[in-house]
Amino acid sequence: MSKLIVNNCQRLYGKTEIKSAKNAMLPLIAACILLDFEVGFYNCPKISDVLVMLEIIESLGGKYRFEGDVLFVDCSALYLYEIPCELASKIRGSVFMLGPLIARFRKALATMPGGCKIGERPIGLHLDCFKKMGVEIGMGEHLYLRADNLQAKTITLPFKSVGVTENLIMLGCLTDGETTILNPAREPEIVCLCEFLKLFGAKIKGEGGNKIVIQGVKKLRKSSVIFKPVADRIETGTLLLAGLSVGCEMELSGVNYVHNFNLIKKVFNNTCKMCFYSDKIYLKSSGAGKGLGYIKTAPYPYFPTDLQSPVMAYATTLNGTTVIEETIFKDRFSVASELNKMGANVTIRGNVATVNGVNSLTGQEVTASDLRGGASLIIAGLKAEGKTVINNLEVIDRGYYKIENKLKALGAKVERI
Ligand code: EPZ
């Protein structure tokens with residue numbers, strides 16, 4: 001298991017470019033199953049979740065290659081619809097392949113997906129929605145899905161599930177008739193997926209709003225495209241919180257600051273200066289700040305659950321109290337015990353974390369148990385006195401590509417061992 005050594009950092013400075021979003025790349029790779037020609041993606045991060053998705057594509061008969069940061073995926077020779085269990089169980093993203101596999105082959109075989117340990121990761125809503133569209137599902141050692149009689153339907157989601165919205169969009173693209181999703185998730189990564197599919201003639205309207213309508217087509221149109229996915233707003237937010245935590249003068253490029261507005265308006269304070277250009281965010285911060293008051297995670301455009309652990313780390317040394325209510329995942333506070341080992345004062349009651357600011361943290365040996373919790377420990381390590389050793393770096397590599405290089409480019413003293 002790899003470790004990350006994080007030394008105390010007095011200030012971050014410099015520039016860095018943000019790559020395409022992990023949570024855009026995973027559904028986009030799954031969407032390639034709908035296409036029988038090669039497409040490309042700019043700025044693709046070679047993070048482990050992306051590589052596992054590509055391994056699954058290859059196991060189904062597809063091909064991929066990288067030319068620098070450009071990923072090319074070709075599913076023209078795809079002939080299998082059975083996702084290998086050992087791959088499916090590694091990542092949550094494998095569940096996004098069910099919709100496109102059913103759309104292309106009218107059947108799919110898979111197993112329960114993996115994903116970060118942030119509470120139970122059920123897929124019941126995915127399966128319920130598939131059933132409403134005429135998919136027959138057999139549950140045994142594996143998941144057997146078969147759709148001899150696929151029907152376009154109007155489906156109201158009981159909650160704004162990102163993955164279910166994405167699965168239904170991809171399935172609806174090749175389902176005859178009009179599929180309507182009411183109460184869909186509105187994340188930028190979903191809008192990005194729809195923009196991609198429309199390049200090949202998909203008929204989708206309303207993405208990013210409260211009603212998405214997909215008019216099914218027989219086949220998606222061939223077009224030689226290299227697509228630029230949306231930048232990773234969670235990586236952007238993580239670096240902004242690192243800069244706010246230790247003080248900084250930094251510029252993040254390739255971003256859309258609107259996608260981080262929920263964070264910016266929460267953390268912006270009079271000890272920092274922010275400027276927004278077309279695709280850049282400039283941040284100058286003294287590293288000080290008052291407690292953030294009340295934060296409640298919710299589906300986009302509200303405060304993202306994926307920045308809940310990083311903002312907790314930022315709040316540990318603010319002058320005052322921050323109360324964080326986590327409404328998306330049942331067990332996404334596991335990093336709190338590791339932060340408390342470093343001298344933080346975080347108390348958990350149910351789905352509410354109360355962070356009382358302390359003067360400083362002390363570097364310790366800690367363990368990352370999930371992707372965003374790992375990012376939180378990096379932020380804490382940057383501001384802690386002394387040295388912090390973060391075990392289980394693999395979970396951080398799932399969503400942050402060579403995070404040590406990015407931090408070094410911003411002046412941090414970090415080392416992967
Ligand atoms: C996506 O996961 C993201 N992953 C997650 O990012 C993100 O935290 C989440 O959306 C919420 O924004 C990817 O896009 C690859 P959901 P997803 O369906 O689609 C429950 C990260 O750190 N649920 O919106 O799986 C579920 O347990 C990761 O980058 C069911 O109960 O999330 C959760 O409590 C973590 N049944 C809630 O809904 C289902 O069938 C929202 O989940 C599906 C979901």
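Student: How many bridges join β4 to strand β5?
Tutor: There are 5, and the two strands run antiparallel, with β5 covering residues 70–74. Strands here are DSSP runs of E with at least two residues, and helices are runs of H or I with at least four, numbered from the N terminus. Two strands pair if DSSP finds at least two bridges between them. Bear in mind that this is a predicted model, where local features need pLDDT of at least 70, side-chain atom pairs count only at pLDDT 80 or more, and totals for chains, interfaces and linings use all residues. Numbering starts from 1 along each chain as its sequence is written, and side-chain values use heavy atoms, leaving out hydrogens and water.

Student: And what stands opposite K63?
Tutor: D74 in β5.

Student: What order do the strands of the open sheet have?
Tutor: The order is β4-β5-β3-β13, 4 strands with mixed pairing. At the edges are β4 (63–67) and β13 (226–227), each pairing on one side only.

Student: Which strands does helix α2 touch?
Tutor: Helix α2 (residues 48–59) packs on the sheet against β4 and β5; contact means heavy atoms within 4.5 Å. The direction of α2 makes about 140° with that of β4.

Student: New topic: how much space lies in the largest pocket?
Tutor: About 1,200 Å³. On a 1 Å grid over the protein atoms alone, a pocket is an open set of points with protein on both sides within 12 Å along at least five of seven lines, while a cavity is a set where a 1.4 Å probe fits but cannot get out; lining residues have an atom within 4 Å of a point. The volume is the space filled by probe spheres set on the points, which are joined across faces, edges and corners.

Student: Where does the largest pocket lie, and why?
Tutor: Domain 1 (3–18 + 231–416) and domain 2 (22–227) both give residues to its lining, so the largest pocket lies between them. Those bounds come from an automatic or database domain assignment.

Student: What about cavities, how many of 30 Å³ or more turn up?
Tutor: A search of the whole structure finds 2. The largest cavity has a volume of about 70 Å³, and its lining includes T238, L239 and A242. The second largest cavity has about 50 Å³.

Definitions and conventions. Axes fitted to C-alpha atoms, helices over the stretch in contact; angles between N-to-C directions.
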